[in-house]
Amino acid sequence: MPLTCRGRVRGQEPSRGDVDDALGKFSLTLIDSLDTLVVLNKTKEFEDAVRKVLRDVNLDNDVVVSVFETNIRVLGGLLGGHSLAIMLKEKGEHMQWYNDELLQMAKQLGYKLLPAFNTTSGLPYPRINLKFGIRKPEARTGTETDTCTACAGTLILEFAALSRFTGATIFEEYARKALDFLWEKRQRSSNLVGVTINIHTGDWVRKDSGVGAGIDSYYEYLLKAYVLLGDDSFLERFNTHYDAIMRYISQPPLLLDVHIHKPMLNARTWMDALLAFFPGLQVLKGDIRPAIETHEMLYQVIKKHNFLPEAFTTDFRVHWAQHPLRPEFAESTYFLYKATGDPYYLEVGKTLIENLNKYARVPCGFAAMKDVRTGSHEDRMDSFFLAEMFKYLYLLFADKEDIIFDIEDYIFTTEAHLLPLWLSTTNQSISKKNTTSEYTELDDSNFDWTCPNTQILFPNDPLYAQSIREPLKNVVDKSCPRGIIRVEESFRSGAKPPLRARDFMATNPEHLEILKKMGAASSIDAEDGLRFMQEMIELSSQQQKEQQLPPRAVQIVSHPFFGRVVLTAGPAQFGLDLSKHKETRGFVASSKPYNGCSELTNPEAVMGKIALIQRGQCMFAEKARNIQNAGAIGGIVIDDNEGSSSDTAPLFQMAGDGKDTDDIKIPMLFLFSKEGSIILDAIREYEEVEVLLSDKAKDRDPEMENEEQPSSENDSQNQSAEQISSSSQEVDLVDQESSEENSLNSHPESLSPADMDNAASISPSEQTSNPTENHETTNLNGECTDLDNQLQEQSETEEDSNPNVSWGKKVQPIDSILADWNEDIEAFEMMEKDEL
Ligand code: DMJ
C-alpha cells in the first residue's frame, strides 16, 4: 500500500471484494517480482529475495484465493524464479546453494490447486481454499457454478512447466483437459468463445466475446503453449480463433466485443484496458499491421488521459476512470519495438515512464490511479506492476548486453514470468490429442506472415510502421467509430432492426409486443431482450448519474510530498465549485470544536487556511458556515467512520441542508477516514501541511518542489475573506452558465454489464465524465453522421424538452422482464469478479 507504506494483509484491511482473491498471505509481491530482479541484473537482491521466500512464505493458509491469480502470479512467480535460479547456478557465480527449493514450493502449490479441477467438465472452480481445498464446510468455497474463460484457459504454461520440471505429469494433463473442454465448447459457427462458462454443464453463461477481460489470456496461452510445447493442435486452435477474431472482433483500430451467436452484432460500445495486450500477441503471431493500428489508437487514448482508463468508449471517452497501473500496453509496446525496431516505440515507452513518475510515483512506491481524470490515487500497487510493468519497460530500453542471459531462450507467461524454451523437449510424456480433423480449413493468406523472421519482415523499410500509423494519427480526436455504424448497417439490408431501449415507448403497442416476444424462448429474441435490458438499465442509471458530481482531489504539496500524494475527495453540492475555479491552495488546520458544529473557538488558527472538520453531529452546510465565518478559505470534512476508505466505498457527495446555501463561498471536500488520516498523520509529523483542493491534481513537476513555500500567513493573504466575497459574484455567474451548459451537454453514457446491477452503488467517479469531455463529445457528435449518434441526440432532445417524463414510468411495465433477466445480469458481474 504505497500511500500508507504498509503491506496489504488479507483480513487486516477492509475487504475490497473479489480483487482481494489474489491475496493468499503468501507474500504475493515478493514472489511475483523474483524474476524481475534477475532481468534488472539485481542478482544479489534476487538471492536475498529467494532466501526470504524460502524462509517466510507459508502456502498452507486458511484463505480462499483465485485459482487463476494464484496460478499466474504465485505458481508462475515461483517457476520464473526457479528458471532463473538454475540459469544463474549453472553460470557458476550466484545461487550455488540453490537446490530446487522454489520448484518444490511450486509443486506443493500445484497440488494445492488440483482439487479445484474436481468437476465433470475438468474446468476448475474459480476459487480454492489453500488449506482446505474445496472441502465443505471448512473451505468456504466450491459452490460456484461459473468461471471465466481466461480463468480456466490460462493454466497450461505454468502447469506444463511444473510437470516438465518435476516429471509429475498430472498438472499438464489437468490443464490440457480444461483447454480441450473449452475448445469443444467454442461456438461452432463463429469459432468464438464466451466470457463465462458453467463449469458443470459447459453452457456459456455470458455469450459476449472479445479479446479483453475474461477471455484475453486464453488466446494468449493457446499460441504460447504451441511455442513452449511444440504441439501443433494448440497452433491450429489458436489460428481458428484468430481467424474469427479478425473477422468479427477486430474493427481496426478498435477491438469490439460481439455476440458469439451473432458475431456481426457488437455487444457493447466500449473497450477495456486488458485488451491492450492483444497487439503484443499479434506480434508473436506475426500479424503486425493490425497490431500497429490498435496500439496507436490506445496510445492516443493514453496521451489524452495520461493512462489507459479501465474502460473507454468507442468515441474514446472515459467509461471507467480507474487505472491500476496495468502493464498490457507496455507489453505490446515492447513487442512492437522488437518487431519493427522503430524508435517511435521508444518514445512511447518514454512517455509511459514519464507519466508514471509524474502522476503515480509516491513516497512508498507507485500508486494506482483511482481516477485518471482527477489524478487521484488509490492505496494500491498490484504485484503485476513489478512483475510486468517494470520488466517490459526495462526490456524495452535494454540492449542485449544489459541482460545477463539470453531472453530469447524464454517465453513470457501472461504475468511476464520467464519459462525456458528447452522445456519443449523435456518430459514429453503427455499424449497429444489428435484432433486435427476438427479444425476448419483456413484461408492461408491470413497467415502469410506467421512466425516471421523479423530480419526480413521490414527489409530496408524503417518507415513501414509509420506508414500504418500515419492515417490513424488523429483517430481519437476526430473519429466516428465504424463499430457503431456496423451494428445499424447490418439491419439495413431488409431485416427489421431490434428494438433499442432508447427508442422504447411504453404506450406503443408494437413495442409492447416486441417486448413480450423477447421473453420467449428463441435464442435470437433472448439476445435482443438481453441487450434491451442492458440498455434500459444503462439509461436509467444515467438518470441517477445526472445528480452526481465528479470526484475531486486533495493533493498534498508541501515537503516531503511535493504533490506526490493525491487523495480522492468527495464533492459538495454547495460552496465553491472547483471544476469552474482555480484550485484552492492553503495550509491545513484542525478546527475547534473538531466537528465544526458551533462557532469556532480557534478562529486565529484556521483564518486563511483550509479547515479540517470531522463528519457528524450537524449538517455539512452548518460546518461550512462555521469555518467560513472563522476565515477559513476551504474545508475538508473527514469521515468519522473509522476505517472507511475510498478504496472500498463509493464516492461520497456532501448534500446541502435543503435550504439556500448560496452564502457558502468556500470549497468543501470530503475525505474518508483512511485518506483523512494521511493528512492528520502528516500534520503530526510535519506540522505545516499544505494542500491543493481541485477537480484534477495539478501536474507535479520539479518546479513544485522548488516553488517557494508560501508561509501559512502569506497564504492566508491569498484568499482572504474579502477575496472570497468578491469571487462569490463570479461564482454565481459561472454557476448559472455552466448549469445550462451541462444540461445541453448531458450525454447518455453506457455502463458495463458488470456495473449494471450496481448502478445505484457504483461510485460516480466510475460513471461520469467531466464537463470538458462532454463538450468534446458534443462537438464530435456534431461531426458524426452515423445513425447511432443521431438517435442518441434525438433521445436527448426528447428528454430535454419534456423533463417530466421520467424513466421510472417507462421502466415500470418491464419489471417482470427485469426479473427474468436477473440471472444473466448477475452473470455479467463475473467479468469484474474474475478479472477486472
Ligand atoms: C496480469 O495479472 C496478467 O497479465 C493477466 O493476464 C491479466 N492482467 C493482469 C494485469 O493487468
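Reply: In this predicted model, Arg-552 and Asp-577 form a salt bridge in which the closest N and O atoms are 3.2 Å apart. The pair joins distant parts of the chain, 25 residues apart: Arg-552 belongs to strand 19 (residues 552-556), while Asp-577 sits in the loop between strand 20 (565-569) and strand 21 (584-590). Both partners, Arg-552 and Asp-577, are buried.

Elsewhere, salt bridges with shared partners join Arg-10, Asp-18, Asp-21, Arg-127 and Glu-144 into one network. Counted over the model, there are 46 salt bridges.

One of these is formed by the side chains of Lys-391 and Asp-35, with an N to O distance of 2.7 Å. This pair, too, links distant parts of the chain, since 356 residues separate Lys-391 in helix 15 (residues 383-397) from Asp-35 in helix 2 (residues 34-39). Lys-391 has a relative accessibility of 0% and therefore counts as buried. Asp-35 is likewise buried, because its relative accessibility is 0%.

A further salt bridge brings together the side chains of Lys-112 and Asp-60, again at 2.7 Å from N to O. Here Lys-112 lies in helix 5 (residues 101-113) and Asp-60 in the loop between helix 3 (43-56) and strand 1 (64-66), so that the link spans distant parts of the chain, 52 residues apart. Lys-112, with a relative accessible area of 16%, is buried. Asp-60, at 31% relative accessibility, counts as partly exposed.

Helix 15, which carries Lys-391, also packs against helix 14 (residues 344-360). The crossing of the two helices is left-handed.

On the side of helix 14, the contact is made by Tyr-345, Leu-346, Gly-349, Lys-350, Leu-352, Ile-353 and Leu-356. Helix 15 contributes Phe-385, Met-389, Leu-393, Leu-396 and Phe-397. By residue type, the contact between helix 14 and helix 15 divides into ten nonpolar residues, one polar and one charged.

Notes
Residues are numbered from 1 along each chain as its sequence is written. This is a predicted model: local features need pLDDT of at least 70, side-chain atom pairs count only at pLDDT 80 or more; totals for chains, interfaces and linings use all residues. Side-chain values use heavy atoms; hydrogens and water are left out. A salt bridge is a side-chain nitrogen of Lys or Arg within 4 Å of a carboxyl oxygen of Asp or Glu. Helices (H or I, at least four residues) and strands (E, at least two) are DSSP runs, numbered from the N terminus. Buried means under 20% relative accessible area, exposed over 50%, partly exposed in between (1.4 Å probe, protein chains only). Axes are lines fitted to C-alpha atoms, for helices over the stretch in contact, and angles run from 0 to 180 degrees between N-to-C directions. A crossing is left-handed if the near helix is turned anticlockwise from the far one by less than a right angle, and right-handed if clockwise. Contact means heavy atoms within 4.5 Å. Ala, Val, Leu, Ile, Met, Phe, Trp, Tyr, Cys and Pro count as nonpolar, Asp, Glu, Lys and Arg as charged, and the others, Gly among them, as polar.
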